[in-house]
Amino acid sequence: VAAPRRSVEAWRGSAQVQVTVAEVALDARPGEQVSLLAWGGDAHGVSTEGLRWTLSEFTIEDGSTRGISNEALARPARVAVTGGTLVVVRPHALDPDADPGDVVPPRPDSGDRP
């Protein structure tokens, strides 16, 4: 388990796995898949920035698939947890051709609305 205010990072092939009890910054490409998993119990107070489906003080239950297959919108994205241990997985971190790329549509400006 990661020590307080520390994260553990591992690489397997092109995948990056980060384990945290605090916060991690992700250098994920827009459109890149990012998954969040609770480990060893529920992960409480999960908040994200720069991901398509934003979480704010959310609880990811141990064994839940609720945090699977999110998408990065911006660099850097941020993931934080206030209680428990969170695993952050970028399965294609080193393989940009594996991601669909640019699948996130731009947000319309207020002047673009009909």
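Two strands are said to pair if DSSP finds at least two bridges between them, and strands themselves are DSSP runs of E with at least two residues, just as helices are runs of H or I with at least four residues, both being numbered from the N terminus. The structure described here is a predicted model, in which local features need pLDDT of at least 70 and side-chain atom pairs count only at pLDDT 80 or more, whereas totals for chains, interfaces and linings use all residues. Residues are numbered from 1 along each chain as its sequence is written, and side-chain values use heavy atoms, with hydrogens and water left out.

The protein contains nine strands and zero helices, so that its pattern, read along the sequence, is β-β-β-β-β-β-β-β-β. Of its 114 residues, 37% count as buried, a term that here means under 20% relative accessible area, with exposed meaning over 50% and partly exposed lying in between (1.4 Å probe, protein chains only). The accessible surface of the protein comes to about 6,800 Å², and 49% of this surface belongs to carbon and sulfur atoms; the areas come from the Shrake-Rupley method with a 1.4 Å probe, and for residues only the protein chains shown count as cover.

Strands of a sheet pair through backbone hydrogen bonds, either parallel or antiparallel. Strand β3 (residues 23-26) is joined to strand β8 (residues 77-80) by four bridges, and Val24 has Val79 in β8 as its bridge partner. Strand β8 is also joined to strand β5 (residues 43-49), in this case by three antiparallel bridges, with Glu49 standing opposite Arg78 of β8.

Another open sheet is formed by five strands in the order β1-β2-β9-β4-β7, again with antiparallel pairing. Because β1 (7-12) and β7 (70-71) stand at the edges and each has a single partner strand, one side of each is left without a neighbour in the sheet. Six bridges connect β1 with strand β2 (residues 15-20) in the antiparallel sense, and the bridge partner of Arg12 in β2 is Ala15.

Thr48, placed in strand β5, is buried with a relative accessible area of 4%, and its contacts include Leu36, Trp53, Arg78 and Val79. Leu36 and Thr65 are 29 residues apart in sequence, and 8.5 Å separates them in space, C-alpha to C-alpha. Gln18, in strand β2, is buried with a relative accessible area of 8% and touches residues including Val8, Glu9, Val24 and Leu86. For the protein as a whole, 66% of the contacts between residues at least 6 apart in sequence join residues at least 24 apart.

Definitions and conventions: Contact = heavy atoms within 4.5 Å. Lists of a residue's contacts leave out its neighbours within four places in sequence.
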